[in-house]
Amino acid sequence: MAPSPEKPLGRVGRPVFFHRYHKRAMQAVNIGGRAVGDGQPVFIIAEIGINHNGSLDVAKKLIESAAIAGCDAVKFQKRTPDLCVPENQRDIERDTPWGRMTYINYRYKVEFGAEEYAEIDRCCRQNNILWFASCWDEEAVDFMEAFEPPCYKAASASLTDLPLLRKTKGTGRPLIISTGMSTMDEVEAAVNELGSENLLIAHTNSTYPCPVEELNLKMISSLKSLYPGVPIGYSGHETGLPTTWAAVALGATFVERHVTLDRAMWGSDQAASVEISGMSRLVENIRDIEKAMGDGIKRVYAGEAAARKKLRRS
């Protein structure tokens, strides 16, 4: 049966449902005074996540380094372990930097509380860099609200957790949703639930680190076509920087990369992270790409005048 006129086939080979936000021109979203969207500087996020390994000193070094590198924001992860760790995982023992312990105890070991986040807040203000978090449960959202973050992010693992998405969006703050490990049906269901207001979508692959052949960067263009009213960005978990630069060239309005002091440090996210020197290069070259993109209007530049006069026969 041919698809109805209301449900044309999309790039993914199945009906694409067009809602009111599909007809809207893309509007920039305000995150802490920074406009994020097409035609705006790329919003660059250094994800600290849990790469601090429970050390406030490490977290502060990463904040200071990200600010020096020119990042716009740093991002943490916040969980309530009793709500996030499945019962069948809690008592499994694992080796950690603090010795062998159960998984639930490890999760508490790497969680910062109110005192640590108050210090993180002070450190970010002193270094003129925004900070926010991915909240993995509703209690974590309530916890973070005390710090009035400029936005939130929903991790790829939370894309199908509609109660959590509703709770986070209900704060009224901008929400970035990440699309790793998700089908297009799941992405569409989340967007339908949330609406397009103050929403941003990050294309990503949730393999850590991700093989380059699975990055599928053309999904950035696909998402921009499907959701022209929504800023589309990229959250990278690959090793190296060129593919993130390519994401910017493809139109990503924001990018996120994990940051670390040393990729050899203990932790599941370290190997897919960018060290400080790399983060500086990432930012510097993104700004060069922005300048190089131009406006698409053909013109003869002043620097070409001499060559034009010398080399043209007629």
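In this predicted model, Thr 102 touches Arg 90, Asp 91, Ile 92 and Glu 93, when residues up to four places away in sequence are not counted. Thr 102 has its place in strand S6, which covers residues 99–102, and its side chain is joined to that of Asn 105 by a polar contact of 3.1 Å. Is Thr 102 buried or exposed? Its relative accessibility is 17%, and because buried means under 20%, Thr 102 counts as buried.

A second topic is the open space in the protein. Rolling a probe the size of a water molecule over the atoms shows where empty space is left. The largest pocket holds about 400 Å³ of space, and of the 25 residues that line this pocket, Gln 77, Arg 79, Trp 136, Tyr 208 and Asp 269 are the closest to its centre. Two or more lining residues come from each of strand S4 (73–78), helix H4 (103–109) and strand S12 (254–260), and H4 gives the largest share, three residues. The lining divides by residue type as follows.

| Type of lining residue | Number in the largest pocket |
|---|---|
| Nonpolar | eight residues |
| Polar | nine residues |

Helix H7, residues 162–169, has Leu 164, Leu 165, Thr 168 and Lys 169 as its buried residues. These cover an arc of only 130° around the axis, and therefore they lie on the same side of H7. An α-helix has 3.6 residues a turn, so residues three or four places apart point the same way. The buried residues of H7 pack against strand S7 (130–135), helix H6 (138–145), strand S8 (152–154), strand S9 (175–178) and helix H8 (184–194).

Notes
Residues numbered from 1 in each chain as written. Predicted model: local features only at pLDDT ≥ 70, side-chain atom pairs only at ≥ 80, totals over all residues. Heavy atoms only, no water. Helix = DSSP H or I, 4+ residues; strand = E, 2+ residues; numbered from the N terminus. Buried < 20%, exposed > 50% of the residue type's maximum accessible area, 1.4 Å probe, protein only. Polar contact = N/O pair within 3.5 Å; in protein donor to acceptor, adjacent residues only side chain to side chain. Contact = heavy atoms within 4.5 Å. 1 Å grid on protein atoms, 1.4 Å probe; cavity = no way out; pocket = protein on both sides within 12 Å on 5 of 7 lines; lining within 4 Å. Points joined across faces, edges and corners; volume = space filled by probe spheres on them. Nonpolar A, V, L, I, M, F, W, Y, C, P; charged D, E, K, R; others polar. Arc of directions from axis to C-beta.
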